[in-house]
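Subject: Structure for you to look at

Hello,

Here is the structure I promised to pass on. Please open it beside this email, and then read on for what turned up.

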Amino acid sequence: MDAICQRMLNQGFLKVERYHSLCQKQVKAQLPRRESERRNHSLARHADILAAVETRLSLLNMTFMKYVDTNLCCFIPGKVIDEIYRVLRYVNSTRAPQRAHEVLQELRDISSMAMEYFDEKIVPILKKKLTGSDVSGRLLGTPPAKYPQIKSLMTPDPNLKWIVALMVVAQLFVFLLLKDLDWKWIIFWSYTFGSLFSHSMTLAIHEIAHNAAFGNKRAYLNRYFGMFANLPLGLPFSISFKRYHMDHHRYMGGHGIDVDIPTNFEGWFFCTRLRKLFWVILQPVFYAIRPLWINPKPLTHLEITNVAVQLSFNLLVYYLMGIKPVVYMLAGTILGMGLHPISGHFIAEHYMFLKGHETFSYYGPLNLLTFNVGYHNEHHDFPSVPGSKLPLVKEIAAEYYDKMPQYTSWGKVLYDFIMDDTICPYSRIKRTLKDAKLD
């Protein structure tokens, strides 16, 4: 009986893919060739909905079918298949459909939840049975993978939780020192110390998002510990960051999925030196808004918990110490992600300063404050290796990483980005979902 049900689910997904392909061909055949004419065509919304469904199908295919093809599981979320059929039938039967985001809200929600649950709960079990991949699930064959000793580094960082706990306590002590200072000193310390601390804690949350604190088997403990690390930053983002950052690793540069890629507006508008300066200053704003524009996801109970815990902490700090520690906390977080030398890693990591290379590493002293996020090629090759062990990855595979382009200064990266007229927010590699998954 199980085998019959599995076969029905797998065949159901393949059939809905074929049905979508047929619907899309029929609509495209009736659309004019010129893009300018397509926008006002009566089938424009039909095409938009079908294009969005194609994106969902691609994501589902890349999430499940590797394991389905190796007979490790079946296409589990049958309800998603039913919802795709509902959308396709709606498109075929309606002359004036609603906008794509209205039609696809339910499909986006249930498919996102299905993929996240599969990745979080089921994939770690299946990976142990999947031959030809390392512990992180990355397919073998790329140069670093010929070093089997790297697998022994794919363990939690036993010191991370204690470092983060000390950082939280230290920031609380700073709150006490600042609560009676003049406002000019609040702003001064926000930029000189608070920004460094906040950015460092942001990258600690990055480590926790990769389950480096307690390991993959204790995923929920990592999520709640991320909320704890989030407390002295003032803005609740640890849970949402985890959800979107995993997309960045799975589909790097993937159009409509990787929210690390600037929007078309950013690339078009922030193209002069002055505008790029403002873009760098406003980076935290764009990082906050971009996910809602490019790849909105349904709220989860963990995100709601994250917001509730953070707001409660902020109110408690305000009640006990006044408004100044709260302003220091929020200002430090925002300033540390804008025009600040340490924030240069945002641009240094994936902007194409050298054509043909999209990921760069930095091996300078600021890695001491940023949990070795500068070892970025190493991190993308082996995301299951905690930051504290990335220097060992470089040491083991020195013949590979020493040849790759690298930076010596994040501050210079910011300067070059602003002053170099050939570089702008468009200087990123953008891929289709299929190509992004292959890379």
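Which residue forms a salt bridge with Arg-243? The partner is Glu-303, and the closest N and O atoms of the two are 2.6 Å apart. A salt bridge here is a side-chain nitrogen of Lys or Arg within 4 Å of a carboxyl oxygen of Asp or Glu. Arg-243 sits in helix 10 (residues 238-250) and Glu-303 in helix 14 (residues 301-321), so this pair ties together parts that are 60 residues apart in sequence.

Before the rest, a word on how to read the model. This is a predicted model, in which local features need pLDDT of at least 70 and side-chain atom pairs count only at pLDDT 80 or more, while totals for chains, interfaces and linings use all residues. Residues are numbered from 1 along each chain as its sequence is written, and side-chain values use heavy atoms, with hydrogens and water left out.

**The chain as a whole**

The secondary structure comes to 21 helices and two strands. For 439 residues, a compact globule would have a radius of gyration near 22 Å, and the 23 Å of this chain agrees with that. That radius is taken over C-alpha atoms, and the globule rule is 2.2 Å times the number of residues to the power 0.38. The C-alpha trace spans about 65 × 50 × 45 Å along its principal axes.

Of the 439 residues, 50% count as buried. Buried means under 20% relative accessible area, exposed means over 50%, and partly exposed is in between (1.4 Å probe, protein chains only). The chain exposes about 22000 Å², of which carbon and sulfur atoms supply 62%. Accessible areas come from the Shrake-Rupley method with a 1.4 Å probe, and for residues only the protein chains shown count as cover.

Contacts mean heavy atoms within 4.5 Å. Among contacts between residues at least 6 apart in sequence, 75% join residues at least 24 apart.

**Charges and salt bridges**

There are 50 positive and 37 negative side chains, and the centres of the two sets lie 3 Å apart. Lys and Arg count as positive and Asp and Glu as negative, without His or the chain ends. Each charge is placed at NZ of Lys, CZ of Arg, CG of Asp or CD of Glu.

The salt bridge count comes to ten. Back at the pair I began with, Arg-243 counts as buried at 9% relative accessibility, and Glu-303 is buried too, with a relative accessible area of 7%.

Helix 10 also holds Asp-247, which is paired with Lys-297 in the loop between helix 13 (283-294) and helix 14, 50 residues apart. The closest N and O atoms of Asp-247 and Lys-297 are 2.6 Å apart. Asp-247 is buried at 7% relative accessibility, and Lys-297 is buried at 18%.

One further salt bridge joins Asp-402 to Lys-394, with the closest N and O atoms 2.8 Å apart. Asp-402 counts as partly exposed at 45% relative accessibility, whereas Lys-394 is buried at 17%. As for shared partners, salt bridges join Asp-247, Arg-250 and Lys-297 into one network.

Val-393 lies in helix 18 (residues 390-396) and is buried at 0% relative accessibility. Leaving aside residues up to four places away in sequence, Val-393 touches Ile-150, Leu-153, Glu-378, Phe-382, Val-385 and Tyr-401.

Gly-194 is in helix 8 (residues 183-209) and is buried at 1% relative accessibility. Gly-194 and Gly-332 are 138 residues apart in sequence, yet their C-alpha atoms are 4.4 Å apart in space. With residues up to four places away in sequence not counted, Gly-194 touches Trp-189, Tyr-328 and Gly-332.

**Two positive phi values**

Phe-371 is found in the loop between strand 1 (361-362) and helix 17 (376-381). Its phi is near 55°, a positive value in a residue other than glycine, and Phe-371 is buried at 16% relative accessibility. Asn-372 lies in the loop between strand 1 and helix 17; phi of Asn-372 is near 60°, again positive in a residue other than glycine. Asn-372 counts as buried at 13% relative accessibility.

Best wishes

Terms used. Helices (H or I, at least four residues) and strands (E, at least two) are DSSP runs, numbered from the N terminus.
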